Amino acid sequence: MSAGIDWRAMVRHRFFYVPVALAILTAGWNAYVAAYDDGLIEGEVHDAAGKPIPGATVIFFERNFVNYQEKFRATTDAAGRFRFTDMQVHIGQLEARVEDGRRSERFQMNLWFRSQNVQLPPLVLGSPRA
Amino acid sequence: MRRAPTWPRHAIMVAVCTLMLIPFYWVVKTSLTGENIYAYPPRILPQDPHLFSYVDVWYLIPFTRYLLNSLIVTAMAICGNLLFNTAAGYALTKDFPAKRWVILLFLSCMLIPFQATIIPAYLITSWLGVLNTHLGIALPLLSTIICIFVFKASFEAVPKSLIDAARIDGLSEWRIVVRIMLPLSKPAIATNVILTFIWSWNAFMWPLIVTRTADMQTLPLGLARFLSVMENTTGALYAFVVMVLVPGLAIFLMAQKEFIRGLTSGATKG
């Protein structure tokens, strides 16, 4: 009776290649996560005409089980850009406000993993809210 | 003679399969859309599907901890089953005094529901000092009577002459089991693995009783905890259900051929 292991047959077996494929996928995903998990959330604030708004306040709302509460603030630079750093979140909402009372719609942000670096679409200021 | 067309039979099978799969489809659809399951009229196709509910589950609860606990307990149960059921199944193929009574005892034990034996099982686990441990959770599933009979049926199908030849060659009983019986009983092994996996993976009552801390909870307990703690998380809840189901489905799909062969082995003569 031969005691040798048929490696070729073993490699071709579903119970071998399916877990191996899953392990490779998991390793690849983890490598991607490790490369893009600095917690950078970046974007721009525009008015309705597409003009960048410097000095606007961007508020990040963190989810609190049933609602969203204000957690962080950032201010846009001369080019209308804002940036949050070290954000340990995977979900949240962002809203831009300016001193004259104009606000953007709240942007619902869903990320694929916590601390994902993300470039958001522009937050567009609307008319002042009552 | 003209053969009857097969399409009516296939149509009926497709209809039955569709009916069986509808609940599962609904769970997956709800996990992808997060829509209220009581919404009327119900939407058949998912609208704006996304996978963010799965991300939510991953971070809202200690999913990896629950998954690890379930994997450890299931691995222990499978190993225990293969070891003890092989030994018991092989013993039952032998002739020994009161063999019929032992089989009768096994069969009658199958009639007693597990709920009726929970208190003694808990006391034994407590005396062994393995409450709130992986071994304690796996203990009642380390050997199951149905699987013993699956092995018995499979071993009985092996020709006696093969075993006699091995014995003449000087193999011990254990080596006969490991080198001859088990390689010829792959469907029985697959059946054992799948059944134990499903039972252990879905076990709820025993882990609920035997665990005392949250970090020892398994996936079904985590699901109950998720239900009791979270609000307004329809999508996440169903995503969690899918994440609990997927490993069992994957194992079954990978081994369904052996599983069905194992369950039907011994069903026919010859």
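## Helix α10 of chain B

α10(B) is mostly covered, with 13 of its 17 residues buried (a residue is buried if 20 or more other C-beta atoms, placed from the backbone, lie within 10 Å of its own). This helix spans residues 186-202 and reaches 24 Å from its first C-alpha to its last, close to the 24 Å expected at 1.5 Å a residue; the expected span is 1.5 Å times one less than the number of residues. Helices (H or I, at least four residues) and strands (E, at least two) are DSSP runs, numbered from the N terminus.

## Basis of the model

This is a predicted model, in which local features need pLDDT of at least 70, side-chain atom pairs count only at pLDDT 80 or more, and totals for chains, interfaces and linings use all residues. Residues are numbered from 1 along each chain as its sequence is written, while chains are lettered from A and ligands numbered from 1 in the order in which they are written.

## Strand β5 of chain A

Strand β5(A), residues 91-97, has a covered face formed by G92(A), L94(A) and A96(A), and an uncovered one with I91(A), Q93(A), E95(A) and R97(A). In a regular strand the side chains alternate between the two faces of the sheet.

Two strands pair if DSSP finds at least two bridges between them. Strand β2(A), residues 57-64, pairs with β5(A) in the antiparallel sense over five bridges, and A96(A) is the bridge partner of V58(A). Four bridges join β5(A) to strand β7(A), residues 107-110, also in the antiparallel sense; here M109(A) is the bridge partner of G92(A).

## Contact between the chains

Seven residues of chain B are in contact with 11 residues of chain A (C-beta atoms, placed from the backbone, within 7 Å). On the chain A side, helix α2(A), residues 14-35, gives the most, with three residues.

Conventions:
Buried ≥ 20, exposed ≤ 12 C-beta atoms within 10 Å, placed from the backbone. Contact = placed C-beta atoms within 7 Å.
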